[in-house]
Amino acid sequence: MASRGGKRTTGKGSLSTRVSHAGRDRKLTLGGVNPVIQRASTVVVESASKLFEPGGWTYGRHGTATHEALKEALCEIEGSAHCALAPSGLMACIIPFLAFAKPGGHVLVGDNAYGPTRRFVDRMLHRWGCEATYFDPEIGAGIASLIRADTSVLFVESPGSMTFEVADAPALALAARAAGVTSVIDNTWSGGVFHKPLALGFDISVQANTKYVSGGADALNGAIHTDSETVFEQLKDTIADLGSNVAPDDAYAVLRGARSLPLRMVQHEKAALEVARWLQGHPSIQRVLHPALETDPGHALWKRDFTGSSGLFGIVLTKAPTGRVHAFLDALQLFSLGFSYGGFESLAIHCDPQLKRTARKPHLPGPLIRLSIGLEDPADLIADLEQALAALD
Ligand SMILES: *Cc1c(COP(=O)(O)O)cnc(C)c1O
């Protein structure tokens, strides 16, 4: 039986097989195929000696059968020894800072990090007197020169979820480890399927399950993965200090999505590449930001460190006033306009108003649009883009 912290991946069978079978212990399912949705604050115990048993299920905030089943599946996906749940992807990004950053100290943050992660660093960590240096996500081994005696956390997102730079993950992890800095990577783009940062040396890998893992655009959830027992203890203590909690219904929804994640990722990858390649040849497109394309600056690192690509990428339009960009977005019929990604539905957003860079500006010679390719037929999506791009002129 797995510990409450999730179990080490069995490594038996392919990922689809393992994800189909994770969290199916009878204790979690009561004989059903799925775990029970155990809605519980109080969990009553059989005898007084069990009230304070380490690792026992004693109170809803510490998790129930539903959370346990989800964590088992998530550990299989990420290939991690341990995982902790968070009520959102953003909380999963924040908790490692709260666990390892030191008041009055210093952290390193990739310049392409998710905007709300930056907001936390700039506001809350700043209020603690913790200084942040934003670094060029393509800095690689050069990161060593930015590590200070008081640096405690290195955080990077790869590829950046709006600008799609690929970080040299092993180089960053190695430099951090050599200096005793806790390294954290936001692995949301890959869904945890196509990139295994813990195997590349990262201490912590974070996943916004809200996106690909859930896949349904109907739940907010996050996971924090690690192979290290001591890192895990510190994360668990921080979560307990915060009183952070995940609703069992959300855990159930994410687990239901996780079962089909490996299969969905294959389709997201295939469809997105088809759409991206078509866009590359379109006269209204200056650049396609997609690391699996041979022409992308991050392609070599992606090829070395990833086993596939997801459905999320960027396009740089030819120069156009905001009114024309809006006309293009408004003309889309199959792409909905909305934040997030990883669901079955294709989405588009205009990124420029959200871009915050202080270390190095990305090369964006025109308006930046982000597309999330869902599970529709890519030929239909291409036809939709074709008619909408006409609205740019
Ligand atoms: C969406 C996202 C998050 C935050 O996830 P929420 O569940 O929306 O809080 C964090 N990192 C990345 C890269 C994301 O795309």
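Start by selecting strand S2 (residues 106-110) and S4: four bridges join these two strands, which run parallel. Helices (H or I, at least four residues) and strands (E, at least two) are DSSP runs, numbered from the N terminus, and two strands pair if DSSP finds at least two bridges between them. Pick His-106, and its bridge partner in S4 is Thr-151.

A word on what is loaded: this is a predicted model, where local features need pLDDT of at least 70 and side-chain atom pairs count only at pLDDT 80 or more, while totals for chains, interfaces and linings use all residues. Residues are numbered from 1 along each chain as its sequence is written, and side-chain values use heavy atoms, with hydrogens and water left out.

**The seven-stranded sheet**

Now widen the selection to the sheet around S2. It is open, has seven strands in the order S1-S7-S6-S5-S4-S2-S3, and its pairing is mixed. Strand S1 (82-86) and S3 sit at the edges with a single partner strand each, so one side of each has no neighbour in the sheet. On average, neighbouring strands here are turned by 20° against each other, direction ignored. For that and later angles, axes are lines fitted to C-alpha atoms, for helices over the stretch in contact, and angles run from 0 to 180 degrees between N-to-C directions.

Contact, here and below, means heavy atoms within 4.5 Å.

Next, select strand S6 (residues 204-208). How many of its five residues are buried? Five of the five are, so to speak, under cover; buried means under 20% relative accessible area, exposed over 50%, and partly exposed in between (1.4 Å probe, protein chains only). Ile-204, Val-206 and Ala-208 point one way from S6, and Ser-205 and Gln-207 the other way. On one pairing, S5 and S6 are parallel over three bridges, with Val-184 partnered by Ile-204 in S6. S6 also pairs with strand S7 (residues 222-226), antiparallel over four bridges, and there Gln-207 has Ala-223 in S7 as its bridge partner.

Go to the loop between S4 and H6, where you'll find Pro-159. The peptide bond from Ser-158 to Pro-159 is cis, with omega near -10°. Phe-164 is in the loop between S4 and H6 too; Phe-164 has a positive phi of about 65° although it is not a glycine. Is Phe-164 buried or exposed? At 1% relative accessibility, Phe-164 counts as buried. As background, most residues other than glycine have a negative phi, and most peptide bonds are trans.

Carry on into helix H6 (residues 169-178), whose buried residues are Ala-169, Ala-171, Leu-172, Ala-173, Ala-175 and Ala-176. Show their surroundings and you get strand S3 (131-135), strand S4 (151-157), strand S5 (182-186) and helix H10 (299-305), against which they pack. Just after H6, Gly-180 takes a positive phi of about 70°.

For another positive phi, jump to Leu-30, at about 50° and not a glycine. Leu-30 is in the loop between helix H2 (26-29) and helix H3 (65-78), and at 64% relative accessibility it counts as exposed.

**Cysteines**

Select Cys-75 and Cys-83. Their sulfurs are 4.2 Å apart, too far for a bond, given that a disulfide is a pair of cysteine sulfur atoms within 2.5 Å. Cys-75 is buried at a relative accessible area of 0%. Cys-93 is in no disulfide either, with the nearest cysteine sulfur, that of Cys-83, 14 Å away. The disulfide count comes to zero.

Select helix H8 (residues 248-259) and helix H9 (residues 261-280): they pack at an angle of about 60°, with axes 5 Å apart. That makes H8 oblique to H9, since angles under 35 degrees count as roughly parallel, over 145 as roughly antiparallel, 65 to 115 as roughly perpendicular and the rest as oblique. Gly-257, Ala-258 and Arg-259 of H8 meet Leu-261, Pro-262 and Arg-264 of H9.

Follow H9 across S8, strand S9 (312-317) and strand S12 (368-372), where it runs at about 10° to S9. Those strands belong to an open, mixed sheet of five, ordered S8-S9-S12-S11-S10. Its edge strands are S8 (285-289) and S10 (336-337), each pairing on one side only. S10 pairs with strand S11 (residues 347-350) in the parallel sense over two bridges, and Leu-337 stands opposite Ala-348 in S11. Finish on helix H11 (residues 322-331), which lies across S9, S10, S11 and S12 at about 170° to S11.
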